[in-house]
Amino acid sequence: MQIEFKNVTHSYESNNPLSGLGLADVSCKIEDKAFTAIVGKTGSGKSTLVRHINALLKPTSGEIKVGDRVITPETNNKNLKPLRKQVGMVFQFPESQLFEDTVEKDIMFGPKNFGIPEEEAREAAHKMIKVVGLSEDYLDRSPFDLSGGQMRRVAIAGVLASDPETIILDEPTAGLDPVGRKEIMDLFKEQQQNGKTIILITHNMDDVANYAETMMVMHDSRLRAVGTPKDIFNDQDLLDKKLISLPQSAVFAQKLAKKNFKFESLPITINELTAEIKQQIHGE
Amino acid sequence: MKNIISMKNVTYTYPEAETHATDDISLDIQENEWVSIVGRNGSGKTTLTKLIDGLIDCDSGDIFIDGVKIDEDNIWDARKNIGIVFQNPDHQFVGATVEDDVAFGLENQGVQREDMIKRVDHALQMVDMQDYKKRDPQSLSGGQKQRVAIAGVLAIEPKIIIMDESTSMLDPDGRRTVLDLIQNLRKKQSLTVLSITHDIEETQLSDRIIVLKSGKIVKDSDPKGIYDLGPKLIDYGLEEPFTSLVADGLRDELGQEGYVNEEGLIDQLCKLNSKM
């Protein structure tokens with residue numbers, strides 16, 4: 001399902017003049033079945049952007065196409081369920097949205113809400129709890145007795161259980177330990193390999209370099225750049241204006257370049273970095 | 001040096017939990033130390049800080065803050081020595097303006113108005129947010145919010161600051177400004193910092209790293225001693241330092257194992273590059 005933004009502007013209707021524009025004239029395509037990362041400082045418009053994809057927010061002007069569906073300023077709130085079933089969203093700290101008395105009921109809530117029969121929803125819960133790395137024993141427990149990392153997994157299982165085509169992730173790994181973070185990131189990569197479209201908002205540039213195929217840079221409510229992580233992290237203009245920060249491998253390469261190494265383009269992953277270093281040490 | 005925090009055989013179990021959240025922990029932290037507390041989610045890190053701040057009572061064992069054994073009667077006094085900066089910058093604001101917010105803790109302690117104004121201004125200067133004092137905290141960036149939260153903590157002039165994953169929700173710039181701030185503060189004044197973190201780069205700034213696993217202290221050492229654990233770090237909820245991962249990829253070239261810091265690694269690589 002391709003997603004397309006055409007000249008989308010969003011202004012927050014608020015008495016607070018500081019809130020102002022959320023999005024300013026954003027146009028872009030997000031490819032079907034791709035892994036796209038959206039980066040930018042806090043308040044740059046990343047969350048506002050993705051909230052338009054399932055019509056949690058509607059444009060003040062412009063339009064968004066999600067598959068066959070077109071969202072315009074006139075789109076009303078009726079009949080949005082099919083769209084929201086197709087576009088699953090994992091918010092920041094999704095565990096704060098758990099509310100049922102068992103994990104099973106919590107995971108089943110989403111699918112049932114979208115009209116999936118009880119038994120099918122239960123099957124989905126049993127399947128998804130394993131997909132997120134927990135055993136079926138957890139289904140009978142109260143979500144509130146789990147650790148933060150386990151609650152996060154249950155919340156993610158709840159989104160996956162509705163079988164959305166597109167999964168939007170708003171900093172899904174904030175606060176997880178590094179092992180948990182890698183497991184969750186690998187899980188999303190696997191979902192992509194199973195045919196889902198993944199859209200990830202993140203501050204972690206190493207995750208962008210390691211997982212994403214396309215990278216979008218937001219700044220001051222505008223989309224400032226789109227491209228492969230390799231190209232974007234090598235865009236001197238973006239770096240000079242401090243619109244992006246670099247993955248650790250690129251930072252390290254910059255330091256080597258001040259000494260006796262030369263990099264035609266900055267490596268962005270550890271594998272690229274060590275391969276480049278080896279080549280230079282051993283001579284071409 | 002004197003111990004600012006001392007825990008003796010402290011055990012705590014949450015109601016209805018099957019295992020101890022902290023299990024017979026004994027620990028001394030010296031005045032002016034910067035200590036990182038690491039471990040996987042659920043290893044007992046936050047429980048440890050709640051015990052130190054008296055938010056929960058231990059089932060057995062004793063906790064001393066600045067030499068005083070804490071109990072029900074003196075916990076409120078002990079708590080004045082401790083400031084906590086939490087993870088989510090959006091969950092710690094109560095005031096309509098930045099200065100109101102910083103004043104909140106002082107109002108709670110019944111500080112006189114004139115004194116309060118001085119202390120608020122001073123605290124905002126220390127975090128370099130004095131130009132923002134009339135602003136609505138919600139209009140600030142994540143890093144700015146955490147700096148204001150730290151100002152609120154500094155205003156009560158605590159001896160101990162506990163950072164409970166205070167940088168984990170910030171973008172890289174915000175994280176940098178908060179860590180620079182803590183480093184600078186410690187140059188200017190005596191301040192004990194207890195930092196719960198998953199960020200290996202952040203632990204490099206600290207004097208000492210304590211590793212928790214299932215409610216027990218399993219390692220307690222300076223950073224190098226911890227980083228030398230190599231791939232075992234993953235069991236403790238830490239990544240390997242970036243330089244270790246690079247060195248591991250270049251094992252054949254470098255011909256050595258163990259932790260090297262960035263400067264050392266760059267030096268070695270440059271030598272190799274000039275030889276061949």
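This is a predicted model: local features need pLDDT of at least 70, side-chain atom pairs count only at pLDDT 80 or more; totals for chains, interfaces and linings use all residues.
Which residue in E7(A) is the bridge partner of A:Met89? Let us take a friendly walk through the structure and find out.

## The answer, and how to read this model

In E7(A), A:Ile168 is the bridge partner of A:Met89. Residues are numbered from 1 along each chain as its sequence is written, chains are lettered from A and ligands numbered from 1 in the order in which they are written, and side-chain values use heavy atoms, leaving out hydrogens and water.

Helices (H or I, at least four residues) and strands (E, at least two) are DSSP runs, numbered from the N terminus. Two strands pair if DSSP finds at least two bridges between them.

## Confidence in chain B

pLDDT is the predictor's confidence in each residue, from 0 to 100. Chain B has an average pLDDT of 89, and 99% of the residues score at least 70. Within chain B, confidence is highest in E1(B), at a mean of 96, and lowest in H6(B), at 84.

## Strands in chain A

Chain A holds an open sheet of six strands with mixed pairing, in the order E6-E7-E8-E3-E9-E10. Its edge strands, E6 (87-90) and E10 (222-227), each pair on one side only. On average, neighbouring strands of this sheet are turned by 15° against each other, direction ignored; such angles run from 0 to 180 degrees between N-to-C directions, with axes being lines fitted to C-alpha atoms, for helices over the stretch in contact. E6(A) and strand E7 (residues 166-170) of chain A run parallel and are joined by four bridges.

Now look at strand E1 (residues 3-11) of chain A. E1(A) pairs in the antiparallel sense with strand E4 (residues 61-66) over five bridges, and A:Glu4 stands opposite A:Lys65 in E4(A). E1(A) also pairs with strand E2 (residues 21-30) of chain A, in the antiparallel sense over six bridges; here A:Ile3 stands opposite A:Ile30.

## Strands in chain B

Five bridges link E1 (residues 3-12) with E4 (residues 60-65) in the antiparallel sense, and B:Ser6 stands opposite B:Phe64 in E4(B).

## Two helix pairs

In chain B, the axes of H5 (residues 142-155) and H6 (residues 172-188) come within 8 Å and cross at roughly 25°. That makes H5(B) roughly parallel to H6(B), a label for angles under 35 degrees. Contact means heavy atoms within 4.5 Å, and among the H5(B) residues that meet H6(B) are B:Ile150 and B:Leu154.

In chain A, the axes of H5 (residues 148-160) and H6 (residues 178-193) come within 12 Å and cross at roughly 10°, which makes H5(A) roughly parallel to H6(A). A:Arg153, A:Ile156 and A:Leu160 are the H5(A) residues that meet H6(A), where their partners include A:Leu187 and A:Phe188.

Note on methods:
Angles under 35 degrees count as roughly parallel, over 145 as roughly antiparallel, 65 to 115 as roughly perpendicular and the rest as oblique.
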